[in-house]
Amino acid sequence: MEIYDGQSFVKYLDKVKARTARLFDFIPEDKIEWTYQNEKFTIGDQIRHLAAIERFMYVENVQLKPSKYQGCGIELADGKEAVVQFYLQMQKESRAVFERLTHEDMERKSETPGGVEITVWKWLRALIEHEVHHRGQLYMYLAMLGVDTPPLYGLTSEEVISRSV
């Protein structure tokens, strides 16, 4: 996947993030800070992490600035409604920067927090992969809680099998 400008990237990112946000309705209110093991991200941490790292690392880096990411703790947003609003607000702020990126901006080199130089469009591709990675973890967390979730693209694996030749 190549990303040519901010407008095309934001159209794709919006779809990716909508599939993540769709899961939020399935999170039980009393499980927002649940985790399967001490010292591991809670469900709320996963969502705050997605929001904060996008806004404070990726957005800063594509502007050729250093990361400002400081973590994903409960101090950023406490309670399910606040966590969801934090995710949406950070998405809005990130989107405003991303959609202004030109083709020339996409071809510039940015430095990651690890000190690696990377072309901006490739760094944004990594943002998509990062979102998908954590969405998968959210699906797994909800499965561990016994919560039924919607299929990602409309059909379950079993439904695909039953409709296949």
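## The R55 side chain

In this predicted model, the side chains of R55 and E60 form a polar contact at 2.7 Å. R55 lies in helix α2. Its relative accessibility is 16%, and R55 therefore counts as buried, the cut-off being under 20%.

Leaving aside residues up to four places away in sequence, R55 touches E60, M90, E93 and S94. M90, E93 and S94 are also among the α3 residues that meet α2.

## Helices α2 and α3

Helix α2 covers residues 43–62 and helix α3 covers residues 80–98. Their axes come within 9 Å and cross at roughly 15°, so α2 and α3 are roughly parallel to each other. The crossing is left-handed. By class, this contact has 14 nonpolar, three polar and four charged residues.

On the α2 side, the residues in contact include I47, L50, F56, Y58, V59 and V62, as well as R55. On the α3 side they include V83, F86, Y87, V97 and F98.

## Helices α1 and α5

From α1, the residues F9, Y12, L13, V16, K17, R19 and T20 meet L124, L127, I128, E131, V132, R135 and L138 of α5. Sorted by class, the α1 and α5 contact has nine nonpolar, one polar and four charged residues.

Note on methods: Residues are numbered from 1 along each chain as its sequence is written. This is a predicted model: local features need pLDDT of at least 70, side-chain atom pairs count only at pLDDT 80 or more; totals for chains, interfaces and linings use all residues. Side-chain values use heavy atoms; hydrogens and water are left out. Axes are lines fitted to C-alpha atoms, for helices over the stretch in contact, and angles run from 0 to 180 degrees between N-to-C directions. Helices (H or I, at least four residues) and strands (E, at least two) are DSSP runs, numbered from the N terminus. Angles under 35 degrees count as roughly parallel, over 145 as roughly antiparallel, 65 to 115 as roughly perpendicular and the rest as oblique. A crossing is left-handed if the near helix is turned anticlockwise from the far one by less than a right angle, and right-handed if clockwise. Contact means heavy atoms within 4.5 Å. Ala, Val, Leu, Ile, Met, Phe, Trp, Tyr, Cys and Pro count as nonpolar, Asp, Glu, Lys and Arg as charged, and the others, Gly among them, as polar. Buried means under 20% relative accessible area, exposed over 50%, partly exposed in between (1.4 Å probe, protein chains only). A polar contact is a pair of N or O atoms within 3.5 Å; within protein, one must be able to donate a hydrogen and the other to accept it, and residues adjacent in sequence count only if both atoms are side-chain atoms.
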